[in-house]
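This report walks through one protein chain, part by part. Keep the sequence and the 3D view open while reading.

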Amino acid sequence: MADWLARLKDQATNQQSYGAAETLKYVEQADLKTLQLLKPPPNPWLVNWIGHVLRLSPSPREADADVLRLVQAAAKMQAWSEIVLSWLRQPYREGEAPEQDFLAPLLTIIGDDQAERQQLVSALIAGSGDSLARDGGSTNSAGRFVLAAPNLGEVVANIPPRSRVADALAFIIRSDPARGVELAPHFLMRKWTNSPILDPAAVRILLEVDAEKYKPIILDAIAETSGNRGDVFETLTILAETFPQYLPRTRQEAGHILAYQNRIEHADKAARWLLAQYGVDGLPEICAYLRDCITIHFTAPILQLTVDALQEQARPAALAALEGKGFETRLAALKLLVVWNQPEDREAIALAVNKGLSEKEGTDVLKILKVVSDYDFSGMQEFVWETLAHKSKPVRSAAARALARLGEPAVERAIPLAAAKKSAVRSAAVTLLQTIESPAAIAALEARVDVETDEEVRDQILLALDTVWEKQGKKLTRDDVNERIERAESKLTEQVLEWLDDTKLPPLRFAQDQQQLTAQQVRYLLYRQSRAKEMRPDVEAKPLYALIDRSSSGDFAVSLLAHFFGSKMDAEDRWLLAAAALLGDDRIVAPLMQQIRKWVDANRGKLAEYAAQALALQAGDVALCAVDALSIRYRSKQKNIGKAASEAFADTAERLGMTPDELGDRVVPWLGFEPGQPRLIEAGDKKIEVRVGLDHKLEFRDLVKGKKVASLPSGVPAETKAEFKDLNATIREVIKGQLARIENLMVRQFRWPIARWQELYLQHPLLFPFATQMIWAIYDEGNKLVKPFRALEDRTLTDETDTAVALPQQGQIGLVHPLELTPAARQAWATHLADYNIATPILQIARPVISPAEEDHATKISRKYENTPLSAMTFRSRAERLGWQRGSVIDGGCISSYRKSFPGARADAILELDGMGISMGLEDSIKLGKFYFVRSGSVEVGSYTYDEPHNEQDERLIAFGDVPPIVFSETMGDLGKIVGTKADGSEAGEEA
């Protein structure tokens with residue numbers, strides 16, 4: 001069966017395919033009665049299916065009777081555009097010989113019906129105007145038909161306005177110049193709801209043919225047009241290109257469009273034309289638009305294109321936008337003026353800041369405060385001081401941090417505010433003082449802590465002082481703790497929880513003398529911990545935790561967990577998990593992991609997050625390995641749990657003074673194996689040797705029979721079999737995590753001391769297979785590659801030529817990145833791996849690499865992806881999976897940027913963000929900002945830290961041509977994956 005007929009039969013079964021069933025019947029039976037049943041559809045789109053069928057059918061060259069019946073049916077339903085575009089256009093484009101007549105079969109079908117002939121003319125002009133002549137310019141059969149059509153002007157005038165008729169106009173004037181003047185008005189203006197609409201494309205054709213001849217006709221068309229002002233303006237711009245005397249009139253029309261706030265696409269065209277034609281002198285109309293436009297989302301794009309065209313010369317436009325109706329445009333203008341920082345603009349900036357700080361929406365006020373934080377606002381600080389009493393806590397905190405930039409002069413004014421009547425103002429004053437962190441500010445906080453009556457504010461002061469005291473090495477004694485307990489005595493008259501009898505919990509003891517804590521001290525510990533909303537030690541309980549003997553507190557922790565698991569397990573009681581972790585030993589790990597799985601199954605993911613964070617607080621190797629496993633297990637599903645585990649793991653690493661990579665090495669489980677040795681299982685007369693194979697699966701060998709076995713024999717106890725079943729599952733989870741870690745370590749050029757690498761990758765049962773499957777290298781102390789190698793099964797090392805490699809006493813080892821090898825060396829290693837049938841577990845030697853394009857070598861800040869929209873959750877998932885980490889958390893819980901560090905190359909990549917928050921939902925979206933490279937660690941990251949470079953003059957920036965090749969290649973590859981495009985030469989540079 002022909003493809004077109006199969007498609008027609010398929011359409012005939014679709015109730016939405018108007019007339020398809022009757023068409024099929026007519027094609028198959030040639031029954032004229034069936035043809036007469038076909039009528040034009042109520043809506044043209046109902047016959048779109050005809051085009052799909054005609055595209056598969058033979059063209060007029062090879063059409064048989066069945067195909068002609070199909071075309072006849074299509075004509076009966078007046079599907080002319082489908083016939084022309086799908087059946088006729090392609091053969092005409094391929095070329096019609098002089099003796100051929102592609103149109104003849106269709107004209108035979110139509111006969112003498114003049115109405116249908118006119119519809120065919122209309123379709124040929126609208127849909128195939130560029131196919132009316134042969135390659136040599138001579139008229140083909142379609143062109144002859146059009147030229148011979150009566151009432152051609154009327155036909156053209158009724159073609160829908162947005163159809164492409166200019167090609168047909170060019171053909172007609174070229175073929176029959178005498179008809180140009182007659183037909184030009186009809187091509188220029190076509191009816192649309194009884195109003196003539198101009199066709200700028202036809203204007204351009206006429207001016208190219210004979211400008212002087214057709215100018216009067218074009219002017220008459222402009223005068224008669226009362227429809228789309230955008231077409232009038234575009235027509236005038238085309239006319240002014242040939243006749244400059246019409247520039248003033250064109251400018252008048254551009255001003256008219258802007259003054260009457262036409263659609264954004266018209267305003268965009270008008271503004272662009274003014275800027276291109278007049279530059280700075282074209283600003284008056286644009287400024288008026290930015291001030292007066294009531295459609296607020298129109299103004300931001302106009303301001304941006306003005307700045308793009310004029311840079312700092314666009315200051316008048318920015319000043320006008322400050323007076324506009326839309327907040328986002330005013331904010332954009334304010335940012336520009338702050339960056340330009342002209343003295344004469346300070347008053348306007350101050351007024352804009354004052355207005356912005358009075359916005360109803362707290363999120364808008366936060367955005368203004370962010371701008372203020374980057375500016376010398378000494379002349380407008382009164383506005384900011386007033387904001388300390390704002391109803392929004394994030395706004396108050398942001399205002400306090402902005403004022404902290406004033407330094408010591410702000411301390412004196414903040415001290416009386418710390419004793420204000422409203423607790424919200426006192427809290428803001430505490431934020432200000434703790435941010436300044438000068439001796440006077442700290443002294444003010446210390447003076448306030450014991451007289452503060454609001455528990456929330458007091459906790460805030462204690463947290464601030466805890467950080468300071470920790471830096472000072474100050475530790476609270478048991479007497480200090482007892483004083484705090486006495487002060488809280490009124491809070492300790494009842495149990496913290498009705499269902500938790502704290503007098504029946506196992507005892508806790510002080511580490512110094514093993515003295516048992518009193519019931520009051522235990523209740524105080526629980527009361528204070530219950531005040532902590534986050535999974536951390538409560539600030540006032542923290543000194544007491546430090547005094548407790550951890551070697552004997554495990555029973556207390558296990559009991560706490562048991563009580564919690566026996567309760568309703570309300571999320572508000574999550575502090576019990578933190579308390580158990582801070583006092584517990586390895587015994588809490590298994591029940592917490594088991595309960596996490598239950599919570600996940602019961603859709604109580606938030607509790608699972610808290611439990612993961614609690615495991616990280618426990619900080620033992622077993623607990624941290626579990627946290628690492630959770631971050632992997634829930635990386636794709638239940639991502640919130642995986643993210644909580646991942647962040648908790650990183651926080652613990654920082655607390656222990658190591659990187660997450662170093663901590664990750666430390667907690668890879670040994671699973672009962674000894675370094676470089678198998679495990680031995682003895683059951684009766686059976687002796688089974690167990691190893692982890694190079695495929696990361698358990699291998700069993702029967703030592704008595706001297707051969708491998710597929711599994712543990714039947715005589716082995718059930719407990720042992722269950723252990724090794726769990727072991728296999730654990731290995732799978734660990735390897736998933738290690739694959740992601742190893743790729744990240746290669747990209748970041750992480751280096752191990754030689755001795756440490758040998759301990760891990762030559763001795764550890766789970767890591768040794770990676771030593772045999774990856775290409776490693778020895779590096780000197782200057783991080784220069786000395787010698788690539790891989791490990792063999794006997795734990796010796798070899799190079800690509802099968803020559804033995806010996807490790808030196810000094811140096812480092814890292815995973816080789818392909819950019820570190822010459823093309824010849826890459827090929828040699830690829831051959832070596834293929835010879836030994838080794839597939840690297842991650843893409844290594846064959847990894848795509850990207851270099852900066854020649855014209856980008858001097859670039860320091862790229863706007864390539866600026867304003868690219870993305871789902872917030874998609875961005876976070878993609879970026880963090882690739883090893884990017886969030887930057888500073890600034891006003892309103894916004895995240896300023898994401899960054900990826902390459903410590904081995906002493907460089908960091910930074911991608912700025914707009915609209916990214918700590919808490920984002922599935923429907924939230926963000927926009928990407930600028931990206932750039934800086935010297936490693938040169939940009940400070942923290943809470944309310946604004947340290948990203950603002951312009952290319954920042955000395956911390958690295959020009960793209962100077963960025964280490966691996967850093968550039970991996971960053972551009974990552975960015976391509978983040979935005980969802982292929983990171984090849986066309987996207988990010990030239991493929992090396």
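This is a predicted model: local features need pLDDT of at least 70, side-chain atom pairs count only at pLDDT 80 or more; totals for chains, interfaces and linings use all residues.

## The sheet

An open sheet is built from 6 strands in the order S7-S12-S8-S9-S10-S11, and the pairing is antiparallel. Strand S7 (752-753) and strand S11 (804-805) are at the edges with a single partner strand each, so one side of each has no neighbour in the sheet.

| Strand pair | Sense | Bridges |
|---|---|---|
| S8 (residues 776-779) and S9 (residues 785-791) | antiparallel | 4 bridges |
| S9 and S10 | antiparallel | 2 bridges |
| S10 (residues 797-798) and S11 | antiparallel | 2 bridges |

Ala 777 has Pro 788 in S9 as its bridge partner. Arg 790 is bridged to Thr 798 in S10, and Thr 798 in turn has Ala 804 in S11 as a bridge partner.

S8 and S9 are separated by 5 residues, and in the turn Asn 783 has a positive phi of about 65°. The hairpin of S9 and S10 also has 5 residues between the strands, with Arg 795 at a positive phi near 70°.

## The nonpolar cores

The largest nonpolar core holds 162 residues, and the members that touch the most others are Leu 120 and Ile 125. Which helix gives the most to this core? Helix H13 (residues 200-224) does, with 11 residues. Another core of 73 residues lies apart from the largest one; among its members are Leu 712, Phe 875, Ala 905 and Leu 911.

The surroundings of Leu 120 can be followed in the 3D view. Beyond its neighbours within four places in sequence, Leu 120 is in contact with Trp 80, Val 84, Leu 103, Leu 106, Leu 107, Ile 110 and Phe 145.

## A buried glutamate

Glu 540 sits in the loop between helix H30 (519-530) and helix H31 (542-547). Is Glu 540 buried or exposed? Its relative accessibility is 3%, and residues under 20% count as buried, so Glu 540 is buried.

Two polar contacts involve the side chain of Glu 540. One, of 2.6 Å, joins it to the side chain of Arg 458. The other, of 3.2 Å, joins Glu 540 to the side chain of Tyr 524. With neighbours within four places in sequence set aside, the residues in contact with Glu 540 are Arg 458, Leu 462, Arg 484, Arg 487, Tyr 524 and Arg 528.

## A covered helix

Helix H36 (residues 621-633) has 13 residues. From its first C-alpha to its last, H36 reaches 18 Å, close to the 18 Å expected at 1.5 Å a residue.

H36 is mostly covered, with 10 of its 13 residues buried. These buried residues are Ala 623, Leu 624, Cys 625, Ala 626, Val 627, Asp 628, Ala 629, Leu 630, Ser 631 and Ile 632. What do the buried residues of H36 pack against? Their partners are helix H34 (589-601), helix H35 (605-618), helix H37 (639-655), helix H38 (660-666) and helix H39 (718-747).

## Confidence

The average pLDDT of the chain is 87, and 96% of the residues score at least 70. Over residues 982-992, pLDDT stays under 50, and the model has 28 contacts beyond four places in sequence for them.

Note on methods. Residues are numbered from 1 along each chain as its sequence is written. Side-chain values use heavy atoms; hydrogens and water are left out. A nonpolar core is a set of buried Ala, Val, Leu, Ile, Met, Phe, Trp, Tyr and Cys residues joined through side-chain atoms within 4.5 Å. Buried means under 20% relative accessible area, exposed over 50%, partly exposed in between (1.4 Å probe, protein chains only). Contact means heavy atoms within 4.5 Å. A polar contact is a pair of N or O atoms within 3.5 Å; within protein, one must be able to donate a hydrogen and the other to accept it, and residues adjacent in sequence count only if both atoms are side-chain atoms. The expected span of a helix is 1.5 Å times one less than its number of residues. Two strands pair if DSSP finds at least two bridges between them. pLDDT is the predictor's confidence in each residue, from 0 to 100.
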